[in-house]
Amino acid sequence: MKGKKMNFSNEVVNLINNAKNVAIVTHVRPDADCLGSASALKGALISLGKTADIYCDSDISKNFLVIPFIDKVNVPDNTNYDTIIAVDCGDANRVGCYISLFETHHNTLCIDHHMGESIEDSKFTNLLVKEPTASTAEILFYLFNQMGIRLNEQIAIGLYSGILTDTGGFLHSNTTADTHIVAGEILKHLSNTTMTDVNYNLLKKRTVGQINILKVALKNLRYICNGKVAITYLTERDFKENGLINSENYGIVDTCVNIDTVDIGILISEKSKNLYAVSLRGKDKDVSLIARIFGGGGHKLASGCNIFGSYNAVISKLEKAINDNYDRLS
């Protein structure tokens, strides 16, 4: 294959080769790169004759069920694990209740495409972080290639899902010529029908409830930080009335950041009384810095955190944090 090469340490490769029963852990409120990478890794491990289970400390939207194995998340086949792998999660604290798996095992690995500020001080005993790379799924493609793992349709769907979504449908600035080369290699293992189905479910599909909740979010939209930030909110009631879980808010925060005069888009979703999940998106601003102020994390242009307080208090906290740190976000 033409394009760039990635080389991975023997230590990481041997850890995976020597594993027999693996727990794959995602971050909370997972995106398609996180779930797609977990799916592809599980498929690859199965092809090597190993067992693997996927864990996630969040509800998962039905849109993601197009990705293999996602319907079996948190339904283990074997709980006697010798290896624990976190995907797309540079901070062990973001795995939620499954952090205990990293505290009680010596063979742990983090695979991610961004180096978090505290990743080297985290609970992972091994790191596989390659910057700059568009997605964790892209890293896995190169890892599988080095290990001689042949792609099949299941593995390919997971990899394609991650690359497709973390590049915003190949629209974001993290998309490179090499990203397209990798995607092209992956697509050789998918039919046009399968590719179209993945594209539709992950980028376009919206239920009536999702459209209705988008209407609510647009009605609630306001501008802060001298118009540089578009922010909106949804309540628990909004989700319940439309038959949605908290994570089924596709495209809303992207709608905010896509406004031409805006640098940062924010969606505040009520999880429970005085607890809000905050999703941040940046055009070219490092919103992960803001997320980390509140104990969250993520990637430069897409991050999240939880903030306690009333809705107005949460708005005030975010506005102050952004105004105080705006010059550092570029």
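Hi everyone, let's start with a pocket: helix α4 (residues 136-147) gives the largest share of the lining of the second largest pocket, 3 residues. This is a predicted model, where local features need pLDDT of at least 70, side-chain atom pairs count only at pLDDT 80 or more, and totals for chains, interfaces and linings use all residues. Residues are numbered from 1 along each chain as its sequence is written, and side-chain values use heavy atoms, with hydrogens and water left out.

A pocket here is an open set of points on a 1 Å grid where a 1.4 Å probe fits, with protein on both sides within 12 Å along at least five of seven lines; lining residues have an atom within 4 Å of a point. Helices are DSSP runs of H or I, at least four residues, and strands are runs of E, at least two. The second largest pocket holds about 160 Å³ of space, and its lining includes Met1, Phe141, Arg150 and His189.

Now to helix α8 (residues 208-220). Which of its residues are buried? They are Gly209, Gln210, Ile213, Ala217 and Asn220, where buried means under 20% relative accessible area and exposed over 50% (1.4 Å probe, protein chains only). Seen down the axis of α8, these fall within an arc of 95°, taken from the directions from the axis to the C-beta atoms, so they line one face of the helix. On the other side, Val208, Lys215 and Lys219 are exposed.

Last, Ile266 sits in strand β8 (residues 264-272) and is buried, at a relative accessible area of 0%. Beyond its neighbours within four places in sequence, its contacts (heavy atoms within 4.5 Å) include Val229, Ile231 and Leu318. Thanks, all!

Terms used:
Points joined across faces, edges and corners; volume = space filled by probe spheres on them.
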